[in-house]
Amino acid sequence: YRLVYVGVQRSIARPILFYAHHPRGAGKRIGMATQLLSKYERDYIEEGVNQDLREDGRNCRDYRSFAVQTGVVSNTSGSARVQLENTSAVVGVKAELGAPDPTQPNSGRIEFFVDCAALASPEFEGRGGEDLGHHLAHQLAGAYSHSSTLDRGSLSIIPGQQCWVLYVDVLVLEWGGSVLDVLSLAVRAALHDTRIPRLIVTGEGEEVEVEVSDNPHDSTSLDIGRAPIIITVTKIGLNFVVDVNMKEEMCASSRLSLAINEQGQILSTSKDIGGGIPYFQLNDAIRMAQEVSREVFQKLNSTLHSQDHEGLGGNTRSTQLFS
Amino acid sequence: MIKAGVLKNANGSAYIEFGDNKIMCGVYGPRDVHPKHMANSSTGILRCRYHMVPYSVSERKNPAPSRREIEISKVIKEALEPAVMLERFPRTAVDVFIEVLQADGGSRCAALDAASVALADAGIPMRDMVSACAAGKVADTVVLDVNNEEDQAGQADMPIGYMPNLEKVTLLQLDGIMSPKEYKECIETGIKGCKIVYEIQKKALNERYFGDDHK
C-alpha cells in the first residue's frame, strides 16, 4: 500500500487561534504531546534548522514518506488509513440520511469528529485527548467549510427535508508529530474512497418516499478535486520546516497551518502556539506551504489512482489493515 | 490473524482480525496513577477501556461510551487481572486501551485476545495468556464463534475467556437460553476454540520477537 500525506487547513474566515495553556501543567501545550528535551538537544535542533539541516538529515522542506490505504473498514461508505513514521490515523466516512441545515436547504452536510484515542500517546490517558480531539475536528471542519471543497448540492435529496450527512470519524492511533497534516490526508483519501448509494425518490409533496438502492455497486463517488490538504509550517529557530517529528515539535516557537487545494488556493489558516511570526517571513512560509502541497498532492493522487486501478477503492472489499 | 507490536507509542500493542472483527489494542504501563488516590499501595491496578469507533457498526454509533462498552471494559479488565502479576508493581497502573474498528459479533473475545498479546508485547509479567472465543447456540445446535448475523437470529451467545496453561476460566457470560446439557457442551466447545486461539496468540508473539527463525 502507499502512504499519502494528508493535511487539513482551516477556513479563511476564522480568526487566528491561540492555544491556551493546559490546566494540568504549566507550559503544557494543547496540540502536542510533550516529550522531554534537554536544552542541548533543543539547541542542536534549532541550530540545525538554521542551517537547513534537521536532526534526521532532512532539509526544511522535506516531507517524510507516508503510506495510504483505502477501503480498510467495511461498515463505512469510505475509509482510509494513513501512516507517516510514528503518526497514524484511521478515518471512516458514513453517509446517512438526515435533515439539511435550515439555512442551507439545498445542501448536504459533512460533520467531523476526531478521537485522540488514549492508546495514541501516554498523554491521552483518561480524558486527556478530548480537548485535542475537539480542536482537530474543528480545524478539519474549517478546512472543508468553504462550499467549493465539496459539492454539497449533490448531497441534497429533498431540498429542505432530506439530505446526505457525511459523518467523518477520525481515530488517531499514533501521535508522533505532524498530526493535523496526516489527518487531512486521511480524510481526503477516505472521501475519495466514499461511495454514496443511489436513491430512488418517488412521490411528491407530502408523500415523498426515498428508497436507498440495495445494490452496493449502484453508487456514486464524491468529487474531491477541490478538497484541500493541510500543510503545517513550523517555525524553529530562524526558519520554517514542514512535517515535524515529535522532538522538533517541542522546539517550535510558532506554527502556521494552511489548508490548500489542488488549484493552489488557500482555504483556511491557523496560527498556533505562543510565539510570533515575523511579518517579513510570512510570505516565505506561505510559499513553502504551497510548494510542499503540490508535491504532497502528487504523491497522494498517484497512490489513490493506482489503488483504484488495482480494483481497490470503494468499500466493496476490505483490506487487511496491517500486512 | 493477530499482529503484535503495531503501535510505536504504546508500550505494547496488538491488532487482531477475527472474522470481520478488526480491533486495535494498546497497552501502557506500569505507569504512575493519576489521580493519585486511585493508586493501591500493595499492588498495581489494571484499567481497561473498550471503545467502538462510530463506523464500526452499520449505523453510525455515537462516539460517547455506551453502557455496553462500559460493561465490556469491566469484564475484560476482570478477565485479564488473574493473568497479570500486578502485585509486583505497587502504586502503578497498567492501562489497556481497546479500539474496535469493525465489529461483527464476538468482539469482546477478540478484544480480550488482542489485549493479552498486547500485555505480553509490553513486557508485563504474566502468569498465563488469556485466550477468548465465543460459543453459542444457533438453530438448536451448539456452534463455535458466532458472528453478528448468527447472534441476531440465534438462541444463545456465550463468550469465554480461558487461561490455557492454568486451565482457569476468567471470562464467562451467557446471553440467551440453554438447557444444562447444552450449557456444558457450549463451554466445552468454547474452550476448544480458546485453545485454537492460544496458538495464534503465541504465533503473533513469536513472529514479532523471533521473526522467521521460529516456525
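E85(A) sits in the loop of chain A between strand 2 (78-84) and strand 3 (87-98). Its phi is positive, about 50 degrees, although E85(A) is not a glycine. With a relative accessible area of 43%, E85(A) is partly exposed. The model is predicted, and every value here is computed from it.

D52(A) belongs to the loop that runs between helix 1 (39-50) and strand 1 (67-70) of chain A. Is D52(A) buried or partly exposed? Its relative accessible area is 32%. The limit for buried is under 20%, and exposed begins over 50%. D52(A) is therefore partly exposed.

Which residues does D52(A) touch, once neighbours within four places in sequence are set aside? They are R58(A), N59(A) and C60(A). A residue from another part of the chain can also be placed relative to D52(A). I236(A) is 184 residues away along the chain, and the two C-alpha atoms are separated by 11 Å.

**Chain A as a whole**

Chain A holds five helices and 14 strands. Of its 323 residues, 56% are buried. Take the contacts in chain A with a separation of 6 or more: 75% of them join residues 24 or more positions apart. The accessible surface of chain A is about 13400 Å². Carbon and sulfur atoms account for 50% of that area.

**Helix 2 of chain A**

Helix 2 of chain A covers residues 130-143, which is 14 residues. At 1.5 Å a residue it should span 20 Å. Its end C-alpha atoms are 20 Å apart, so the two values agree.

Several residues of this helix are buried, among them L132(A), L136(A) and L140(A). G133(A), A137(A) and H135(A) are also buried. An α-helix has 3.6 residues a turn, so residues three or four places apart point the same way.

What do the buried residues of helix 2 of chain A pack against? Their partners in chain A include strand 4 (109-116), strand 6 (162-174) and helix 3 (179-193). Strand 11 (229-236), strand 13 (254-260) and strand 14 (266-272) are partners as well.

**Chain B as a whole**

Chain B has four helices and 10 strands. From the N terminus on, their order is β-β-β-β-α-β-α-β-β-α-β-β-β-α. The radius of gyration of chain B is 17 Å, close to the 17 Å that the globule rule gives for 215 residues, so chain B is as compact as a globular protein of that length. Along the principal axes, its C-alpha atoms fill a box of roughly 50 × 45 × 30 Å.

| Property of chain B | Value |
|---|---|
| Buried residues | 56% of 215 residues |
| Contacts between residues 24 or more positions apart | 67% of contacts with a separation of 6 or more |

Chain B carries 27 positive and 30 negative charges. Their mean positions are 6 Å apart.

**Helix 2 of chain B**

Helix 2 of chain B runs over residues 107-121 and has 15 residues. From first C-alpha to last it reaches 21 Å, close to the 21 Å expected at 1.5 Å a residue. This helix is mostly covered, with 14 of its 15 residues buried. Just after the helix comes G123(B), which takes a positive phi of about 80 degrees.

V117(B) is part of helix 2 of chain B. Why does V117(B) count as buried? Its relative accessibility is 0%, and the cut-off for buried is under 20%.

Beyond its neighbours within four places in sequence, V117(B) is in contact with I2(B), A4(B) and A14(B), and with M129(B), Q201(B) and L205(B). I200(B) is 83 residues from V117(B) in sequence, and the two lie 10.0 Å apart in space, C-alpha to C-alpha.

**Cis peptide bonds in chain B**

The bond from G29(B) to P30(B) is cis, with omega near -10 degrees. P30(B) has its place in strand 3 (residues 21-32) of chain B. The bond from H34(B) to P35(B) is cis too, with omega near 0 degrees. P35(B) lies in the loop between strand 3 and strand 4 (45-52) of chain B.

Conventions: Residues numbered from 1 in each chain as written. Chains lettered and ligands numbered in written order. Predicted model: local features only at pLDDT ≥ 70, side-chain atom pairs only at ≥ 80, totals over all residues. Heavy atoms only, no water. Helix = DSSP H or I, 4+ residues; strand = E, 2+ residues; numbered from the N terminus. Rg over C-alpha atoms; globule rule 2.2 N^0.38 Å. Buried < 20%, exposed > 50% of the residue type's maximum accessible area, 1.4 Å probe, protein only. Contact = heavy atoms within 4.5 Å. Lys, Arg positive; Asp, Glu negative; His and termini not counted. Charge placed at Lys NZ, Arg CZ, Asp CG, Glu CD. Expected span 1.5 Å × (residues − 1). Areas by Shrake-Rupley, 256 points an atom, 1.4 Å probe, with all protein chains shown as cover.
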